[in-house]
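Me: I am new to this structure and would like to learn how to read it. Could you walk me through a few features, starting with a single residue?

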Amino acid sequence: FLSMFFIYFFFSFQGHSQSLKVATDISPIYSLVARVLDGVGKPELIIQHGASPHEYSLRPSEAESLYDADLIFYSGNALSPNFVKALKNIKSETEVINLSLIKGVERLPFRTGAFFDSHSDDHDDHDTHKEHDEVKVFDPHLWLSPKNGKLWVKVIAAELSHHDPQNEKIYMDNATSAIAEIDEVVRSTKRLLSDVHEIKFIVFHDAYQYFENHFEISALGSIVFADATKPTPSR
């Protein structure tokens, strides 16, 4: 069920031609943008489905799609360093929307320690990796918050309408439908999780904090940090 939030939005789009070229970084953002674009066109996905964004290296064709884009939506600077580097080479007139910085976005603090205790033994070791990176400030897996997903859909619709006012009604109607669909997935997921709130579990990668927070379940800890840095022997 963890994948329901973005797999739910994958459709076959049969829209008419689209002059506005839109690109996205990862699958969850792609599916939200694609849902709003339904009936007009479809975005380009840069980091391919199933690939880990943390160490993803763009192919020449993906870098070219990024360069050709008129509008880019991405999840934030912390998730994929190579994607962020590629943004330095895009056209100057391309508008880039960092969804992690949208006003009202839910941002949870970066968790440290094998059991999410900031005073754990491996905290200092992880601090040696510090760079100017959003992930050291907040957990970058923002799309697993339904609240963020609904907010982003509104922002995406507004941005697309600004660049393509001719299709504003389609974008706004699609956004309204997408928000209703997210609400339905939330309700069904709550039903699925109704009997497991007390179960104790550990995850491999600390990627699910927003999901845990929204649905009131709590992982005890993780093996790998939220930024996918390699764990120490003590961890």
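Reply: Happy to! Let us start with Glu181, which is buried, with a relative accessible area of 16%. Please keep in mind that this is a predicted model.

Me: Why does Glu181 count as buried?

Reply: The general idea is a cut-off: buried means under 20% relative accessible area. Glu181 has 16%, so it falls on the buried side.

Me: Which residue forms a salt bridge with Glu181?

Reply: To read a salt bridge, find the nitrogen and the oxygen that come closest. Here the partner is Arg35, and the closest N and O atoms of the two residues are 3.0 Å apart. The two ends come from distant parts of the chain: Arg35 sits in helix 2 (residues 27-37), while Glu181 belongs to helix 7 (residues 168-192), 146 residues apart. Arg35 is buried as well, with a relative accessible area of 8%.

Me: Which residues are linked with Arg35 in a network of salt bridges?

Reply: Look for charged residues that connect into a group. In this case Arg35 is linked with Asp38 and Glu181 in such a network.

Me: How many salt bridges does the structure hold?

Reply: There are nine salt bridges in the structure. One of them pairs Glu212 with Arg111, where the closest N and O atoms are 3.2 Å apart. This pair also joins distant parts of the chain, with Glu212 in helix 8 (residues 209-215) and Arg111 in the loop between strand 4 (95-98) and helix 5 (123-127), 101 residues apart. Glu212 is buried, at 5% relative accessibility, and Arg111 is buried too, with a relative accessible area of 15%.

Me: What share of the residues is buried?

Reply: Of the 235 residues in the protein, 52% are buried.

Me: How can I read the contacts along the chain?

Reply: Ask how far apart in sequence the touching residues are. Among contacts between residues at least 6 apart in sequence, 63% join residues at least 24 apart.

Me: Which residue has a positive phi of about 70° although it is not a glycine?

Reply: That is Ala228, found in the segment after strand 6. Ala228 is partly exposed, with a relative accessible area of 24%. Another residue to check is Glu216, a residue other than glycine whose phi is positive, near 55°. Glu216 lies in the loop between helix 8 and strand 6 (221-224).

Definitions and conventions
Residues are numbered from 1 along each chain as its sequence is written. This is a predicted model: local features need pLDDT of at least 70, side-chain atom pairs count only at pLDDT 80 or more; totals for chains, interfaces and linings use all residues. Side-chain values use heavy atoms; hydrogens and water are left out. A salt bridge is a side-chain nitrogen of Lys or Arg within 4 Å of a carboxyl oxygen of Asp or Glu. Helices (H or I, at least four residues) and strands (E, at least two) are DSSP runs, numbered from the N terminus. Buried means under 20% relative accessible area, exposed over 50%, partly exposed in between (1.4 Å probe, protein chains only). Contact means heavy atoms within 4.5 Å.
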